[in-house]
Amino acid sequence: MIRVLIVEDQKMAQENMEAIIRSSENYTLAGMISNAADAELFCMRTNVDLILMDVCTARDESGIDACAVIKKKFPHIKVIIVTSMAEHTFIEKAKEAHADSFWYKDASRGELLTVMDQTMSGETVFPDKTPEVKLGLTTSYELTNAELDVLRALMQSTSDEDAAKMLNCSKANIRWHVGKILEKTGYRTRMELLIAVASKNLIMLKQITAMDIENASQGDAFLLCLGQILLALRYWPGVIPVFFLKSRMNADASVLPISVTISCTLVSVSRRSCMALSILMLVT
């Protein structure tokens, strides 16, 4: 029997992959962990033949980084990177980390078993393209790589200036691309665009710290808080309507008078703190 380790922090995905393994005659579950950083130690202590490795795991640990470590120290162990995110850089990063295969969670159960079988037989299986994501009036396929890079920079920075530095371009160039993206998608504001990008898992969000918020301006601090809460959407999707409600109630949603000082205490967002901050936003 082929022994499989599942590295996944979302319970539904854990149960889905576990059910797939238990339904097969060729595979058995070696273990299940939520943090990719623990995979190396698990492989040192337990016999593992195959790892199903999520890209984004508990405590913001990268499954792709963990894959690189595993393949270096345990080259005989096969690693399949799994994700629900359409982030177009993941496939290349997985290849650079020497992952054996790549699978999108939205695909069928039978497809995962096929990928597992092919991988264990020595094949490498990578999708030709990312899943198509609906974004307002258009789809991710209609956005250029430059526009996707700008969206990624905005989601992982604290201001237009930081985004421009990340991409080695001017702030005017960032704003020009944002204007083109808004034109294509039909969203009225940058906030609506970023909410949609995050909620549809098109771009991975940056985990922020209290220091990031303290060093940001009021408008940027709000966007940072927004990004941090969206990062927790996998646990509590109900946050999105709160932001839309607030954005409709204010002429300039980028400078909402929310209690940023309280938000500064949130180094990492849990379901409870996510709910608390949402209620805070409704009453302020």
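This is a predicted model: local features need pLDDT of at least 70, side-chain atom pairs count only at pLDDT 80 or more; totals for chains, interfaces and linings use all residues.
**Helix 6 against helix 8**

On the helix 6 side I noted Ala-146, Glu-147, Val-150, Leu-151 and Leu-154. They meet Ile-174, His-177, Val-178, Lys-180, Ile-181 and Lys-184 of helix 8. Sorting the residues of this contact gave me seven nonpolar, one polar and three charged.

Next I looked up the geometry of the pair.

Five of them form an open sheet in the order 2-1-3-4-5, and the pairing is parallel. Which strands stand at the edges? I found strand 2 (27–33) and strand 5 (101–104) there; each has a single partner strand, so one side of each has no neighbour in the sheet. From one strand to the next, the twist averages 25 degrees.

I also took a look at one pairing inside the sheet. Strand 3 (residues 50–54) and strand 4 (residues 78–83) run parallel and are joined by five bridges. One entry I kept is Asp-54, whose bridge partner in strand 4 is Val-82.

**Helices lying across the strands**

Last, I checked two helices against the sheet. Helix 1 (residues 11–22) lies across strand 1 (2–7), strand 2, strand 3 and strand 4. Its direction is at about 160 degrees to strand 2. Helix 3 (residues 63–73) lies across strand 3 and strand 4, and I noted about 175 degrees between helix 3 and strand 4.

Technical notes
Residues are numbered from 1 along each chain as its sequence is written. Side-chain values use heavy atoms; hydrogens and water are left out. Contact means heavy atoms within 4.5 Å. Helices (H or I, at least four residues) and strands (E, at least two) are DSSP runs, numbered from the N terminus. Ala, Val, Leu, Ile, Met, Phe, Trp, Tyr, Cys and Pro count as nonpolar, Asp, Glu, Lys and Arg as charged, and the others, Gly among them, as polar. Two strands pair if DSSP finds at least two bridges between them. Axes are lines fitted to C-alpha atoms, for helices over the stretch in contact, and angles run from 0 to 180 degrees between N-to-C directions.
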